[in-house]
Amino acid sequence: MTAETGIGARVKRKEDQRFLTGTGRYVDDLPLARATYAYFLRSPHAHAKIKSIDTGAAKAMPGVVEIFTGADMAAAKVGGLICGWVVKGKDGEPHKAPPHPVLAVDTVRYVGDPVALVVANSLADARDAAEAIKVDYDVKPSNVELGKALAKGTPEVHAEAPGNLIYDWELGQKAEVEAAFAKAAHVTKLDFVNNRLIPNAMEPRAAAADYDKGTGNYTLWSTSQNPHVLRLILSAFVLGIPEHKLRVIAPDVGGGFGSKIFCYNEETALTWAAPKVGRPIKWTAERTESFMSDAHGRDHLSHAELALDKDGKFLALRVDTTANLGAYLSTFATAVPSYLYATLLAGQYTTPLIYANVKAVLTHTAPVDAYRGAGRPEATFVVETLVEAAAKEMKIDPAVLRGKNFVPHDAFPYQTPVAFVYDSGNYQPIIDEAMKIADYKGFESRRAEAKKRGKLRGIGFSSYIEACGIAPSQAVGALGAGVGLWESAQIKFNPTGNVQILTGSHSHGQSHETTFAQIVSTKLGVPIENIEVIHGDTATTPFGMGTYGSRSLAVGGSAIVKAADKIIAKGKKIAAHIMEASAEDVVFENGTFKVAGTDKAVPLAQAVFAAYVPQNYPLQELEPGMDENAFYDPANFVFPSGTQICEVEIDPDTGMTEIVNFTAVDDFGNIINPMIVEGQVHGGIVQGVGQALLENAVYDAETGQLLSGSYNDYTMPRADNFPSFKTGYKVTPCPHNPLGVKGCGEAGAIAAPAAVMNAVHDAVAPIGVKHVPMPATPLTVWQAIHGGK
Amino acid sequence: MTINVAMTVNGKAVSGRVEARTLLVQFLREHLGLTGTHVGCDTSQCGACVVHLDGKSIKSCTILAVQAEGGKVTTIEGLAESADKLHPMQEAFRENHALQCGFCTPGMVMSAIDMVKRNNYQLDEATVRRELEGNLCRCTGYHNIVKAILAAAPAMKAAGV
């Protein structure tokens with residue numbers, strides 16, 4: 001009865017009806033009676049002392065309700081924003097943790113740093129009043145160039161982080177790596193710029209806060225990927241509101257990609273101000289504000305070297321990385337370039353020795369934190385670009401070189417030299433399938449044909465691994481995480497037999513309302529139209545950790561399975577009572593309890609009804625009701641893997657790169673809904689290609705101004721930048737979660753930058769060009785080809 | 001300065017008194033409560049705010065409400081005949097999984113309908129990709145949006161819409 005809507009089916013999405021008819025409810029859509037509107041005055045300078053702020057004239061403007069500054073919040077002893085992951089440096093000391101005021105107090109540290117909150121009767125009034133606030137700045141020299149952040153004499157962002165160093169951290173076997181390099185037959189060396197990105201979810205960040213004087217309860221609506229985590233941070237660390245007096249609601253959220261994980265200044269300030277204003281306060285970022293103040297992504301400088309023996313077997317890898325964390329530490333900033341990065345440097349390979357040294361630094365730029373992939377794209381870019389370069393240098397086919405070094409299928413579980421134990425995988429069939437789909441054999445003839453048209457054609461691989469399904473609580477706790485990373489689920493039957501699934505995960509595009517319903521439909525045999533998935537409200541859903549790190553299915557889905565198992569176990573006892581049988585003899589199949597070998601049967605719906613009308617019911621041993629909670633803490637990370645093959649054509653006259661073919665073959669473990677998985681892959685690829693060819697966050701070295709602060713200046717991927725994609729799957733089920741699933745949300749973005757850049761380098765290699773920096777925009781490609789001409 | 005404005009929205013006559021600087025999108029969202037039309041940028045590039053004015057797609061963040069005076073506006077809320085009978089473009093978006101977070105979707109659908117009509121129901125992939133220049137999506141990678149529009153073109157022709 002559920003084959004068409006159960007696990008594995010291409011079920012059309014339950015959430016689509018409202019999104020397609022304009023009846024979704026995003027934060028800015030909320031109708032709040034008597035609402036006021038907030039506007040944040042932001043620093044126009046990268047670095048300045050605030051000598052004075054005069055709000056007098058502004059407060060007298062029409063419609064103004066209140067104006068708050070950092071001094072007001074300091075006087076009220078509001079705490080600063082926190083960084084929730086402690087990374088210990090080489091010296092064993094925890095990372096430097098400079099203060100992060102909600103509104104700047106005496107210093108501004110990046111263009112966009114919030115300085116004052118204006119609350120007015122309309123947004124127009126609030127903006128007009130903000131213009132009338134007089135801030136006297138003493139502008140100081142700024143530090144926005146990552147390469148110079150640690151240099152002597154560079155302006156310091158915080159006195160608490162001398163020399164702008166947050167941590168100097170290492171992982172791996174330094175001495176053994178040095179020794180391996182000393183006897184290597186071949187060493188490939190590269191310098192990398194992993195360009196800075198601005199996430200740009202299409203819905204700008206937004207918040208609305210309200211305070212109920214009668215109950216003392218606060219409500220915060222936020223574009224959050226994890227409303228419970230946001231509530232926890234605001235309660236325990238920043239505002240001191242008792243956790244049970246703060247309700248956080250993340251309704252429909254228009255994309256996140258990591259940027260909506262964090263606890264931000266604006267939602268904090270609104271929640272704090274709500275009781276003082278006495279009316280609801282609404283705020284929605286303008287796109288320019290999103291560019292300035294959403295946590296940015298990536299931004300690494302690296303030097304990496306791969307040592308190989310004469311046959312191309314990898315002997316050792318060493319990586320030296322400087323990572324930009326911006327002006328303040330965002331919520332999980334410290335973990336991204338350390339534990340989410342260096343632990344992935346083994347890639348799909350048996351490289352026996354690895355050493356990584358990461359220096360995380362401050363600059364006068366927006367905070368940098370997790371963005372789709374978070375550390376893993378940076379690691380994949382290093383490994384996969386090095387491997388491809390090594391293949392070229394040693395004149396070995398890049399697929400063959402990878403194959404020589406893949407972790408063999410029979411070696412799982414596989415302990416890497418950088419902490420992880422890969423649970424499962426089978427890499428060779430993936431790359432074989434990708435080469436087949438991409439017609440790798442036919443490439444040279446396509447290259448020759450392109451040459452006749454004056455085009456440079458190239459092909460590039462990227463064989464990625466990622467660690468997601470974040471994460472075993474004890475493992476991440478040992479590494480400094482301040483939270484447990486389990487997930488919760490509640491399956492609640494109503495007396496009439498329909499089902500509500502309450503999850504601690506949050507969907508902001510990932511389709512949980514459909515995927516999670518498919519799981520329960522299969523497990524419990526309930527028609528999918530009778531199942532509703534509820535998420536995003538701390539008042540109704542069990543405490544949960546939210547959605548990031550491709551964790552919702554592997555961790556949240558597993559919690560749902562556990563809850564479903566509890567439903568079945570209870571149902572068996574009820575059915576046994578009704579059928580006058582022993583519970584041990586009762587089996588559950590296709591939504592019905594049966595006694596094996598008899599024609600006795602009780603549908604689940606009958607057992608549910610009996611649980612709510614417990615008249616013929618074993619009340620002595622069983623409580624009424626059918627409502628089960630479960631928490632699932634994963635045994636390990638999950639390790640999706642795959643190979644992408646990108647084929648490009650470059651016009652040497654214009655420097656324009658066109659993607660002419662793009663293939664992705666992935667192993668995500670078992671797949672619940674292939675339609676949804678393909679959508680995740682497509683979207684990820686486009687973000688990865690965006691990094692490789694189009695997107696770049698740029699600050700002016702002299703003034704610290706954000707030069708790429710709008711869609712005029714920051715190139716978003718558009719439909720005509722791409723061909724249709726070719727996708728395929730191989731399946732090795734995850735051995736340690738009940739669904740055998742791995743996670744697909746980030747894979748595309750993790751793998752694609754290396755695939756594209758490898759293809760670009762392959763295209764220009766025949767004309768003697770060795771290096772094209774990322775992003776390979778028409779200008780950079782043209783300059784690489786034509787030099788100073 | 002406030003000013004009276006009157007127009008037809010989704011077949012209904014509406015009017016209101018607004019500040020002269022009120023954008024059409026603000027009039028739709030804040031005065032009429034039609035929050036299906038979204039605002040995703042401030043430079044007229046993302047296309048989340050696309051509606052039809054007198055049958056043509058426009059970016060409602062880029063015209064004043066008063067400029068639509070007397071006009072016929074259709075928003076995403078006005079497309080479907082009923083909850084059970086969506087417009088062929090809406091149906092094609094659902095069938096082809098052409099939306100994820102849903103935020104760009106209303107603008108995409110409205111642009112796509114105009115695109116199909118402008119091209120006389122004859123579209124190829126390259127044309128669709130080129131003509132989506134004014135609509136940004138961060139979730140889908142455009143792949144399924146392109147598929148949906150190509151599928152909707154003949155369906156719209158057949159349905160006579």
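Predicted model: local features only at pLDDT ≥ 70, side-chain atom pairs only at ≥ 80, totals over all residues.
Helices and strands here are DSSP runs, numbered from the N terminus: a helix has at least four residues and a strand at least two.

**Stop 1: two cis prolines in chain A**

Select P775(A) together with M774(A). P775(A) sits in the loop between α18 (747–764) and α19 (778–786) of chain A. The peptide bond that joins M774(A) to P775(A) is cis, with omega at about 0°.

Now jump to F412(A) and P413(A). Here too you'll find a cis peptide bond, this time with an omega of about -5°. To place P413(A), look in the loop that runs between α10 (398–405) and β16 (414–415) of chain A.

**Stop 2: positive phi angles**

Stay in chain A and pick N164(A). This residue isn't a glycine, yet its phi is positive, about 70°. Most residues other than glycine have a negative phi. You'll find N164(A) in the loop between β6 (134–139) and β7 (165–172) of chain A. Buried or exposed, what is N164(A)? N164(A) is buried, because 24 other C-beta atoms lie within 10 Å, and 20 or more is the mark for calling a residue buried.

Next, select D299(A), another non-glycine residue with a positive phi of about 70°. D299(A) belongs to a strand, β13 (residues 297–308) of chain A. D299(A) counts as buried, with 24 C-beta neighbours inside 10 Å.

**Stop 3: where chain A touches chain B**

Colour the two chains separately and turn to their interface. On chain A, 45 residues are in contact with 46 residues of chain B. To see which parts of chain A are involved, highlight α1 (16–20), α8 (287–293) and α17 (674–694), the elements that each give two or more residues to the side touching chain B. Which element of chain A gives the largest share of that side? α17(A) does, with 7 residues. Colour the chain A side by residue class and you get 18 nonpolar, 17 polar and 10 charged residues.

**Stop 4**

Hide chain A for now. Between them, 15 residues of domain 1 are in contact with 11 residues of domain 2.

On the side of domain 1 of chain B that touches domain 2, β3 (50–53) and β4 (56–59) each supply at least two residues. The largest share, 3 residues, comes from β3(B). By class, that side of domain 1 has 6 nonpolar, 8 polar and 1 charged residues.

**Stop 5: the sheet around β3 of chain B**

Finish with the strands themselves. Show the open sheet of 5 strands in chain B, which has mixed pairing and the order β2-β1-β5-β3-β4. At the edges stand β2 (12–19) and β4 of chain B; each has a single partner strand, so one side of each is left without a neighbour in the sheet. Neighbouring strands of this sheet are turned by 40° against each other on average, direction ignored.

Zoom in on β3(B) and β5 (residues 72–74) of chain B: the two run antiparallel and are joined by 2 bridges.

Conventions
Residues numbered from 1 in each chain as written. Chains lettered and ligands numbered in written order. Contact = placed C-beta atoms within 7 Å. Nonpolar A, V, L, I, M, F, W, Y, C, P; charged D, E, K, R; others polar. Buried ≥ 20, exposed ≤ 12 C-beta atoms within 10 Å, placed from the backbone. Pairing = 2+ DSSP bridges. Axes fitted to C-alpha atoms, helices over the stretch in contact; angles between N-to-C directions.
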